[in-house]
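Biologist: Could you take me through this structure? I would like to start with helix packing and then move on to other topics.

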Amino acid sequence: MGFFDDKQDWLREVFAQYPDTPQGRRAAIMPMLRRIQQDEGWISPERQEEIAQILGTTATEVAGVMSFYSYYQALPTGKYHLQVCATLSCAIGGADELWDELVQELGILRGEVTPDGLFSIQKVECLGSCHTAPVVQVNDEPYVECVTKARLHALLQGLREGQRLEEIVLPGKVGHEVHVRGEEVGA
């Protein structure tokens, strides 16, 4: 059974947002990828092919869209997918050391999942908070800023305990801790 077989109403709603042309239908690649990512945690080659068949394009085009955005995962992820910003501001702020700490603490590399299924990791390009570098994002949640090794360990511990991101107490005094959607920055 295909992923979208029982989602025909959802597909009609998505397609209605775009022109009824081959190019317009291909514009639906991103919402379709996002739906699979949200429901399954990653987008397998079979799902990429399914999207291509529905839209009348190629799996290569679908993979090309996926490769441009760090959100879309072509490999299975853990319950908590930790994304470490690797651009210049975060690198200067210590992102490389945080990455090394994650690799050591979790015992995994990119593309791997911890044996308990909780964690996977990835370096990503700019998360857009250069002034609070280094930054880590958990899944599609608001990002954690000014991450030190102590804050990283507190974050991992909180996630292991099943706490929601905004409930995790992070050590250190900084102006920003976790952005909750809809709240003012620094609130």
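**Helix packing and beyond**

Modeller: In this predicted model, helix α7 (residues 95-106) packs against helix α8 (residues 149-160) at an angle of about 40°, and their axes are 10 Å apart.

Biologist: How are α7 and α8 oriented to each other, then?

Modeller: The two helices, α7 and α8, are therefore oblique to each other. Their crossing is right-handed.

Biologist: Which residues of α7 and α8 meet there?

Modeller: On the α7 side they are E97, L98, E101, L102, E105 and L106, and these meet K149, L152, H153, L156 and R160 of α8. By class, the residues of this contact of α7 with α8 comprise five nonpolar, one polar and five charged.

Biologist: Let us step back. How many helices and strands does the chain have?

Modeller: There are eight helices and four strands in the protein chain. Read from the N terminus, the order of the elements is α-α-α-α-α-β-α-α-β-β-β-α. Taken along the principal axes, the box filled by the C-alpha atoms is roughly 55 × 35 × 30 Å.

Biologist: Now α3 and α4. At what angle do their axes cross?

Modeller: Helix α3 (residues 29-40) and helix α4 (residues 45-55) have axes that cross at roughly 150° and come within 11 Å. With angles over 145 degrees counted as roughly antiparallel, the pair α3 and α4 falls in that class, at roughly 150°. The crossing in which α3 passes α4 is right-handed.

Biologist: And which residues make that contact between α3 and α4?

Modeller: From α3, the residues I29, M32, L33, I36 and E40 meet R47, I51, I54 and L55 from α4. The classes in this contact of α3 with α4 are seven nonpolar, no polar and two charged.

Biologist: How do α1 and α3 cross, right-handed or left-handed?

Modeller: The crossing of α1 and α3 is right-handed. The axes of helix α1 (residues 8-15) and α3 cross at roughly 145° and come within 10 Å. W10, L11, V14 and F15 of α1 make the contact with P31, M32 and R35 of α3. Six of the residues in this contact of α1 with α3 are nonpolar, none is polar and one is charged.

Biologist: Changing topic: how much space lies in the largest pocket?

Modeller: The largest pocket holds about 220 Å³ of space. It is lined by 13 residues, and those closest to its centre are Q37, G41, Y71, N139 and D140.

Biologist: Which elements supply at least two residues each to that lining?

Modeller: Those are α3 and β1 (80-85), each of which supplies at least two residues of the lining of the largest pocket. That lining has one nonpolar, 10 polar and two charged residues.

Biologist: You mentioned N139. Where is N139 placed in the chain?

Modeller: N139 is in the loop between β3 and β4 (143-144). Its phi is near 55°, which is a positive value in a residue other than glycine. Most residues other than glycine have a negative phi.

Biologist: Which residues does a cis peptide bond join?

Modeller: A133 and P134 are joined by a cis peptide bond, with omega about -5°. P134 sits in the loop between β2 (119-124) and β3 (136-138). Most peptide bonds are trans.

Biologist: Finally, how many cavities of 30 Å³ or more does a search of the whole structure find?

Modeller: That search finds one cavity of 30 Å³ or more. The largest cavity has a volume of about 40 Å³.

Biologist: What lines the largest cavity?

Modeller: Its lining consists of Q73, L75, P76, T77, H81, R110, G111, E112, S120 and I121. By class, the lining of the largest cavity has three nonpolar, five polar and two charged residues.

Terms used: Residues numbered from 1 in each chain as written. Predicted model: local features only at pLDDT ≥ 70, side-chain atom pairs only at ≥ 80, totals over all residues. Heavy atoms only, no water. Axes fitted to C-alpha atoms, helices over the stretch in contact; angles between N-to-C directions. Left-handed = near helix turned anticlockwise from the far one by under 90°. Contact = heavy atoms within 4.5 Å. Nonpolar A, V, L, I, M, F, W, Y, C, P; charged D, E, K, R; others polar. 1 Å grid on protein atoms, 1.4 Å probe; cavity = no way out; pocket = protein on both sides within 12 Å on 5 of 7 lines; lining within 4 Å. Points joined across faces, edges and corners; volume = space filled by probe spheres on them. Parallel < 35°, antiparallel > 145°, perpendicular 65-115°, else oblique.
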